[in-house]
Amino acid sequence: MAHNIETRVLQVNSQHPQQEAIAAAATVIRAGGLVAFPTETVYGLGANALDAQAVARIFAAKDRPTSDPLIVHIGDVSQLDQLAVEIPSAAYQLAQAFWPGPLTLVLKRAPHVPDAVAQSRQTIAIRMPAHPVARALIAAAGTPIAAPSANTFTRPSATTAQHVLEDLRGRVELVLDGGEASIGLESTVIDMTQTPPLVLRPGGVLLDDLSRWIPNIGIKPQYL
């Protein structure tokens with residue numbers, strides 16, 4: 001498909017993001033557009049997670065296979081109940097211990113969440129980012145934000161706004177430039193629908209740290 005969107009870049013303070021820039025980005029999200037923004041792991045390519053058409057644009061912009069589900073970013077633990085069902089107590093324990101931070105929990109998906117987010121799977125991957133820009137954007141948009149890494153498929157994950165622009169200029173409406181992502185490593189993904197829970201992707205939270213909360217946790221690297 002053709003990619004000829006005018007991509008704006010707004011500079012934001014990584015610790016105290018300017019309200020005007022965040023408001024502009026939130027407007028794009030609510031209108032069904034795409035915003036690249038920094039998290040503590042890598043830059044994310046965000047869209048309204050509850051808007052199926054907006055989510056579909058993420059896949060098109062990234063040239064991402066539609067078989068790959070997306071991670072949904074939230075701003076408060078209370079939003080878990082809006083997106084997932086049958087949430088195990090261990091998930092809340094891990095959220096309390098590691099959120100906000102680079103940990104993604106795979107849970108059973110609530111029926112109203114668009115199929116596009118999970119690619120028709122019955123699960124949903126959720127995390128709460130720690131980066132002030134990401135948290136401000138989620139709050140201002142007033143919706144969970146689906147956001148895989150802000151790069152085209154097979155390319156390295158973007159850790160700066162310049163990396164984002166090299167891949168996605170002309171494919172997204174807005175890039176929030178908050179400097180370099182501090183961790184530069186994607187989140188750890190844990191499938192909480194399994195017994196015992198399984199690490200599907202090692203990342204920013206170490207297995208040793210997780211084992212203190214779930215001693216019998218397994219590891220089986222898969223998608224994401």
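Biologist: Leaving aside its neighbours within four places in sequence, which residues is His 73 in contact with?

Modeller: Keep in mind that this is a predicted model. In it, His 73 touches Arg 127, Pro 129, Ile 138, Pro 144, Ile 145 and Ala 147, leaving aside neighbours within four places in sequence.

Biologist: Is His 73 buried or exposed, then, and why?

Modeller: His 73 counts as buried because its relative accessibility is 4%, and buried means under 20%.

Biologist: And which strand does His 73 lie in?

Modeller: That's strand β4, which covers residues 71-73.

Biologist: OK, zooming out. How many helices and strands does the chain have?

Modeller: The chain has eight helices and 12 strands. Its radius of gyration is 16 Å, close to the 17 Å that the globule rule gives for 224 residues, so the chain is as compact as a globular protein of that length.

Biologist: What box do the C-alpha atoms fill?

Modeller: Roughly 50 × 35 × 30 Å, taken along the principal axes.

Biologist: How much of the chain is buried?

Modeller: Buried residues are 54% of the 224. As for the surface, the chain exposes about 9,600 Å², with carbon and sulfur atoms supplying 50% of that.

Biologist: What about contacts between residues at least 6 apart in sequence?

Modeller: Of those, 65% join residues at least 24 apart.

How values were computed. Residues are numbered from 1 along each chain as its sequence is written. This is a predicted model: local features need pLDDT of at least 70, side-chain atom pairs count only at pLDDT 80 or more; totals for chains, interfaces and linings use all residues. Side-chain values use heavy atoms; hydrogens and water are left out. Helices (H or I, at least four residues) and strands (E, at least two) are DSSP runs, numbered from the N terminus. The radius of gyration is taken over C-alpha atoms; the globule rule is 2.2 Å times the number of residues to the power 0.38. Buried means under 20% relative accessible area, exposed over 50%, partly exposed in between (1.4 Å probe, protein chains only). Contact means heavy atoms within 4.5 Å. Accessible areas come from the Shrake-Rupley method with a 1.4 Å probe; for residues, only the protein chains shown count as cover.
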